Amino acid sequence: MNVIISEWTKLRATRSNVWTLVIAAIATVGVTAIVAHALGAARVAPPAGGPFTPLTASFLGYAEYAVLPVSILGVLAFTTEYSTGLIRTTFTCVPRRRVVLAAKAAVTGTAALVAGEVLAFITFFLTQAMLAADHRGVSLSHPGAVRAVLAAGLLLAVAALTGLGLGAIIRHPAGAIAATVGVIYLITALCLVLPAPWNTRIGRFTLPMAAFQVITGQPRADLLAPWLSLLVVLAWPAAILLAAAVLITRLDP
Amino acid sequence: MSGRAYPVNEPAAGVTTSAPAPLRSIRPVPIEASGLTKRFGPVTAVNDLGFTVRPGLVTGFLGPNGAGKSTTMRMLLGLETPTAGQALIGGRPYPEIRRPLREVGSLLDAGALHGGRTAWTHLLAIAQSNGIGRARVTQVLGQAGLEPVAGRRVQGFSLGMKQRLGIAAALLGDPPVLIFDEPAIGLDAEGIRWIRELFTHLAAEGRTVLVSSHLMGEMAQTADHLIIIGRGRLLADTSTGQFIAANAHHDVLVRSPRDAELTGVLTSAGAAVTAQPDGGLTVTGLDAPAIADLAAARGLPVYELTPRQASLEEAYLDLTADSTEYRAAP
């Protein structure tokens, strides 16, 4: 518990972390509102990859504007300590390194989850209000709406923990950010250029496609079922954190 | 280095610190290393090192750059896993100590800070990790003279201020063991006096104080005991007094136009005389007044009479000469 309090102090006392969250929130809400406005006015076609659903319209800004900065926030939780040398202070305070990893994951993951849920509800109500003008909005009582909103919030915790785990493994900020972008976006991009049906057969195990299945009200048949997709979404950070837990005691800082 | 004589057993009395000294007994906790070895690939940084650092003394840990001081200290603190051997603090390896800051305070790298955090939050996060309260954070900030800058972000701190912050962090848990890696770097004269008095004071309270340095002069004035290493091996493990007695040679340089006669006189008085290429005589075994009296009694003119003391720094350089990793080409 002491270690969690200590990690929380580090997170909250670091201005760059707070600013990253604030900017991510403003960008996400802003971009989502713009997209919703455009969709609501029916001036653009719904994005490729699925039919337009009012639900997914709420979270179109998420992929880049929320997930990316929050995943980098996770990366920095470890890599700034390695690059400043502060990790040695941390490990002399808490020699059980896995406890440090667990505490950082708990604090960063919880902060990202709370921020994610708040953001998800804000974007949901905002976009649905805008779509309502076009009589296409839905309310929270719409089937799957609550699940979609909760899942969108959860996605930020997943992004933060994926970044945190890769940061603990790679230790250098630039390398860890590149790896995180690779895991979250580039693997999917590669899958999309594969010939069918391999694009979806492999692609359904990637974070973005699995996340889409969880959030959308109309899951695609060629991807995994929503509940399986949720497992995929959770398995990514779990596997990466597990690898970090193995390496953190084997490699000295 | 400094030309002043090195105080050997200067009493700790007269040492004052701004902090109120807690009048209670400190549990004696020694540091013990045995067979400590660390290899990084083909490089052996620390080689079969064994020593004991005793409570109640300031122990200087000396060696040239690259001698393995920092690696040894990192092994003491569980940050590097030894290739062989073990390092124990109070009989336990560091990683097995619960709330280790209450047992061992350490400063390895004063620059290891997050620039965006304030001195206060930096110390607070460290304190919280070991269940140490806020009152103690305020207390050590005051002890280090950092109270006025407690709320400032550390990126604007000078190296000296960072050292003070690092020392404050080491004191947080009021530990019986303190380990400092090159704490004097970046400190001004007043700062150096402060840490000297602080270390002496901490040792006088019964704490185990291990301080590394690559400068002999700095250590000779602070340390009661010296552990000297070179290329990862133990070169000397001795009290500062013994090291000075064994290494600080005294002699007298004498010049006289009748040097042959003077040599005879001095030799028969029990001195050892060595003729220098430039005509001077190096005399040991007699001090300058005795030489002057003998010469005057025989009516021998003396043009120069200079008492000399080989510096400890020279003795230290001689000792570590074969183990210096980096040196300028002649």
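User: What percentage of the 253 residues in chain A is made up of buried residues?

Analyst: Buried residues account for 48% of them. A residue is buried if 20 or more other C-beta atoms lie within 10 Å of its own, exposed if 12 or fewer, and partly exposed in between, with C-beta atoms placed from the backbone. This is a predicted model, in which local features need pLDDT of at least 70, side-chain atom pairs count only at pLDDT 80 or more, and totals for chains, interfaces and linings use all residues. Residues are numbered from 1 along each chain as its sequence is written, while chains are lettered from A and ligands numbered from 1 in the order in which they are written.

User: What makes B:S268 count as exposed?

Analyst: B:S268 has 9 C-beta neighbours inside 10 Å, and the limit for exposed is 12 or fewer, so B:S268 counts as exposed. B:S268 belongs to helix 8 (residues 259–268) of chain B. Its C-alpha atom is separated by 72 Å from that of B:R134, 134 residues apart along the chain.

User: What agrees with a compact globule in chain A?

Analyst: For 253 residues a compact globule would have a radius of gyration near 18 Å, and chain A has 19 Å, which agrees. The radius is taken over C-alpha atoms, and the globule rule is 2.2 Å times the number of residues to the power 0.38. Along the principal axes, the C-alpha atoms of chain A fill a box of roughly 60 × 40 × 30 Å. Chain A has 12 helices and 0 strands.

User: How does the span of helix 12 (residues 226–250) of chain A compare with what is expected, and where is its kink?

Analyst: Helix 12 of chain A has 25 residues and reaches 37 Å from its first C-alpha to its last, close to the expected 36 Å. The expected span is 1.5 Å times one less than the number of residues. A kink of about 30 degrees lies at A:A235, shortly before the proline A:P237. The bend is the angle between axes fitted to the seven residues ending at a residue and the seven starting there. Buried residues of this helix include A:W236, A:P237 and A:I240.

User: Which residues have the most contacts inside the largest nonpolar core?

Analyst: They are A:L155, A:L156, B:L123 and B:A168, in a core of 150 residues. Helix 8 (residues 145–170) of chain A gives the largest share of this core, 17 residues. A nonpolar core is a set of buried Ala, Val, Leu, Ile, Met, Phe, Trp, Tyr and Cys residues joined through C-beta atoms within 7 Å.

Technical notes: Helix = DSSP H or I, 4+ residues; strand = E, 2+ residues; numbered from the N terminus.
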